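Subject: Structure handover

Hi,

Here is the structure I promised to pass on. Please load it first, then read my notes below.

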Amino acid sequence: AEFDSTRFDTVYAVTSYCFDLSVFEIFYTLSTGKKIKILKNGLELKNHIEKDKNTLINTVPSVVSQLLEENVSFDSVGILNMAGEPIAPNIIQRLPVDKIEVYNLYGPSEDTTYSTYFKIKQKEYPSIPIGKPITNSQVYILDAQLQVVSRGVFGKIYVAGDGVARGYLNKPELTAEKFVTNPFKSGKIMYD
């Protein structure tokens, strides 16, 4: 629901299947009936990005920064997702955000990769926010008593919803520590 599937025909799979970003590249692509083009790594994009049209790239900001340093054009990209690291404002200033959809995505592996998204629409931001929850997800900023904090007050991020895992395999103590009862939805858990 967050991404317009008409904006891309091909998704570049550039992430190791051991890293959670690959879950999006593989399963989202298959669920939309689009084509996957498997590349060795994100830096190999420079050999394909200008030949292919209407692509979706899902990678870390440091890869995008390196490609921009090498003067790679992003004009053929329909959607650029960046996750896994904070996005430096100077990266956004060098991207054609008026022509392509650029997103900052946030989420732990324990919540099936992505929990929030922020569509970047302008070149100037003091910092890039993590945005709002994706469909069927909730995000709470809570204090130590699991109470919602007031705007401007520091708290801890908790994610909840359909993507949250049941816990860690064979690690009941860690599961009990990190996956807690959701005080806002009876019978559900959230991850901190």
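Contact here means heavy atoms within 4.5 Å. With that cut-off, and leaving aside neighbours within four places in sequence, H48 is in contact with Y12, K37 and L39. H48 sits in the loop between strand 2 and strand 3. Is H48 buried or exposed? Its relative accessibility is 17%, so H48 counts as buried. Bear in mind throughout that this is a predicted model.

Pockets next.

The largest pocket has a volume of about 500 Å³. Its lining takes in 19 residues. Nearest the centre of this pocket are E2, T112, Y114, I134 and T135. By class, the lining of the largest pocket splits into nine nonpolar, seven polar and three charged residues. Which element gives the most to that lining? Helix 1, residues 21-32, does, with five residues.

The second largest pocket has a volume of about 210 Å³. N136, Q138, A160, G161, D162, V164, A165, N182, K185, K188 and I189 line it. Four of these lining residues are nonpolar, four are polar and three are charged.

Now helix 1.

Helix 1 has twelve residues. From first C-alpha to last, helix 1 reaches 17 Å, close to the 16 Å expected at 1.5 Å a residue. L21, S22, F24, E25, Y28 and T29 are its buried residues. They cover an arc of only 170° around the axis, so they lie on the same side of helix 1. F27, L30 and S31 are on the other side, and they are exposed. What do the buried residues of helix 1 pack against? Four strands: strand 1 (10-13), strand 2 (35-38), strand 3 (55-59) and strand 4 (77-83).

I26 also belongs to helix 1. With 30% relative accessibility, I26 counts as partly exposed. The C-alpha atoms of I26 and V11 are separated by 8.4 Å, with the two residues 15 apart along the chain. After helix 1 comes G33, with a positive phi near 75°.

Helix 2 covers residues 61-69, and its buried residues are P61, V63, V64, L67 and L68. Seen down the axis, these fall within an arc of 160°, so they line one face of helix 2. The buried residues of helix 2 pack against strand 3, strand 4 and helix 3 (89-93). Just after helix 2, N71 takes a positive phi of about 60°.

Last, some backbone angles.

Most residues other than glycine have a negative phi. N54 is not a glycine, yet its phi is positive, about 55°. Where is N54? In the loop between strand 2 and strand 3. N54 has a relative accessible area of 24%, so it is partly exposed.

L146 also has a positive phi, near 60°, in a residue other than glycine. The loop between strand 8 (137-142) and strand 9 (156-161) holds L146. At 22% relative accessibility, L146 counts as partly exposed.

Best wishes

Notes. Residues numbered from 1 in each chain as written. Predicted model: local features only at pLDDT ≥ 70, side-chain atom pairs only at ≥ 80, totals over all residues. Heavy atoms only, no water. 1 Å grid on protein atoms, 1.4 Å probe; cavity = no way out; pocket = protein on both sides within 12 Å on 5 of 7 lines; lining within 4 Å. Points joined across faces, edges and corners; volume = space filled by probe spheres on them. Helix = DSSP H or I, 4+ residues; strand = E, 2+ residues; numbered from the N terminus. Nonpolar A, V, L, I, M, F, W, Y, C, P; charged D, E, K, R; others polar. Expected span 1.5 Å × (residues − 1). Buried < 20%, exposed > 50% of the residue type's maximum accessible area, 1.4 Å probe, protein only. Arc of directions from axis to C-beta.
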